[in-house]
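Let's take a friendly walk through a protein model, one region at a time. Keep the structure open beside you as you read.

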Amino acid sequence: MDTLIHSLPNLWPSQLLPRIQARRGFPLNRSDLEFTYLGRNAVFRAIHRLGLVGAEVIAPAYHHGVEISALLAAGARVRFARVDSAMRLDLEDVAAQLGPETKALYVIHYAGFPQPMKPIVDLARERGLLVIEDCALSLFSRDGSIHLGSLGDAAIFCFYKTVPVTHGGALLVPARPRHPQLPKTRPPPLLSTLSHLTGSLLFSMELELGVPARAARNAVKSLTRQLRRRADEVDVAVGTQHFELAAVDLGMSLVAEQVLRATNEQEIVRRRRLHWLYLHEKLGGLRRSPWEELPAGTCPLFYALRVEDKDRALAVLRARGIAAVDFWRFGHPSVERERFPEVEALRRQIVEIPCHQDLNPDQLDRLVLAAREAVREDSGKGGAGT
Ligand SMILES: Cc1ncc(COP(=O)(O)O)c(C=O)c1O
């Protein structure tokens, strides 16, 4: 059996070593960037920071779900707008949703691909609205020369999807004084951080070494669980659908900051683009990607495949050792699903194929073969699009 191809980049011990980065790129070069434990905490803080408690925010019907929970938990009210089958926000529908209570537009850049910020910002300025850019899936991505997250009144980021940190998010609110009612973030619990960190390091080693590292990982997990119990310390989960109010004021650990500072973002963007383009060269002809090309500056989070039978495609990919991700099958329960048929189709169809910086040429070829097999089986079942 081939080794597992993980959906996220792996953490290696060398990445914990201090490294001098000559020139930091956006958003890490911003002194007003506020680190949070997760991206969802940044969404919550953005609502408070922008004075949007009680206000109505227009958000896209295609979303993860936890960002909507964070908006609601912060006290915003949410109305949804249409997203088309190529994951573009429908600005006409956004305009149609605006009411007297609307105070902000929440824009999600999907998987690194930019939404059209110029008309969005124009519409917002014309109607006196604020813009929040959700770059949870778009760290280091640009639209041409413009960094995603640099045009809105606030931007939120999530680091662990792109960089091998075990947690981490950030909020950028340019040009606004800090809101007095928001407490400063506090460090996350130490044992929880150490447990995630060693788990992550050992997982990377498991991918290389197999069983011995898996045994060590399980032993560390059980040890930290016992220590946490003794110290009466909670584990702060990452990657869930759930918004945890009790964790909202947690910041980022020093270790995660260290890994982040040691990353070479230009290299990450270069490798992700290369991998995406390779996958597209080999798979684009199947006509299963929602994107026809990779725009200049885009830092892709993954390669997307549309399939009719998502469970079957995921089973084929996983049987080939690929940790393909079931992208956003369910949205927030408050969305009126019947109003957004294209979004429902995306939720039913999109499978996420990794294109992260750690992949090597053999793994890319394995991805291509497995994706072709998954599509072949899907077409055999009457799947659309080929
Ligand atoms: C679009 C979007 N926004 C925000 C978040 C929240 O990120 P985090 O998991 O860091 O809280 C996610 C998480 O997947 C997301 O997909």
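Predicted model: local features only at pLDDT ≥ 70, side-chain atom pairs only at ≥ 80, totals over all residues.

## A residue in helix H10

You will find Gln-349 in helix H10, which covers residues 341–349. Is Gln-349 buried or exposed? Its relative accessible area is 11%, and the cut-off for buried is under 20%, so Gln-349 counts as buried.

Which residues does Gln-349 touch, leaving aside those up to four places away in sequence? They are Leu-305, Arg-306, Val-307, Glu-308 and Lys-310.

## His-280 in helix H8

Now move to helix H8, where His-280 lies. With a relative accessibility of 17%, His-280 is also under the 20% cut-off and therefore buried.

Residues up to four places away in sequence are again left out of the list of contacts. His-280 touches Gly-285, Ser-289, Trp-291, Glu-292, Glu-293 and Tyr-303. Two of these names, Trp-291 and Tyr-303, will come back in the aromatic cluster described next.

## Aromatic rings

How many aromatic pairs does the model have? The count comes to 13. One of them joins Phe-113 and Trp-276, whose ring centres are 5.8 Å apart.

Helix H2 (66–73) is worth a careful look. Six of its eight residues are buried, so H2 is largely enclosed by the rest of the structure. Those buried residues are Val-66, Glu-67, Ile-68, Ser-69, Ala-70 and Leu-71. What do they pack against? Their partners are H1, strand S2 (56–60), strand S3 (77–81), S4 and strand S5 (130–135). After H2 comes Gly-75, which has a positive phi near 105 degrees.

Helix H7 (residues 254–262) has buried residues too: Ala-256, Glu-257, Val-259, Leu-260 and Ala-262. The buried residues of H7 pack against strand S1 (33–36).

## Around the ligand

Our last stop is the ligand, which is surrounded by 14 residues. The closest are Gly-39, Arg-40, Asp-134, Tyr-160 and Lys-161. The shell divides into eight nonpolar, two polar and four charged residues.

A backbone N or O atom of Gly-39 lies 2.7 Å from a ligand oxygen. For Arg-40, a side-chain N or O atom is 2.5 Å from an oxygen of the ligand. Tyr-160 has a polar side-chain atom 2.4 Å from a ligand oxygen. The protein covers 98% of the 390 Å² of accessible area that the ligand has on its own. Which elements give two or more residues to this shell? They are helix H1 (39–49) and helix H2 (66–73).

Methods
Residues numbered from 1 in each chain as written. Heavy atoms only, no water. Near = heavy atom within 4 Å. Polar contact = N/O pair within 3.5 Å; in protein donor to acceptor, adjacent residues only side chain to side chain. Areas by Shrake-Rupley, 256 points an atom, 1.4 Å probe, with all protein chains shown as cover. Helix = DSSP H or I, 4+ residues; strand = E, 2+ residues; numbered from the N terminus. Nonpolar A, V, L, I, M, F, W, Y, C, P; charged D, E, K, R; others polar. Phe/Tyr/Trp six-rings, centres within 6.5 Å; stacked < 30°, edge-to-face > 60°. Buried < 20%, exposed > 50% of the residue type's maximum accessible area, 1.4 Å probe, protein only. Contact = heavy atoms within 4.5 Å.
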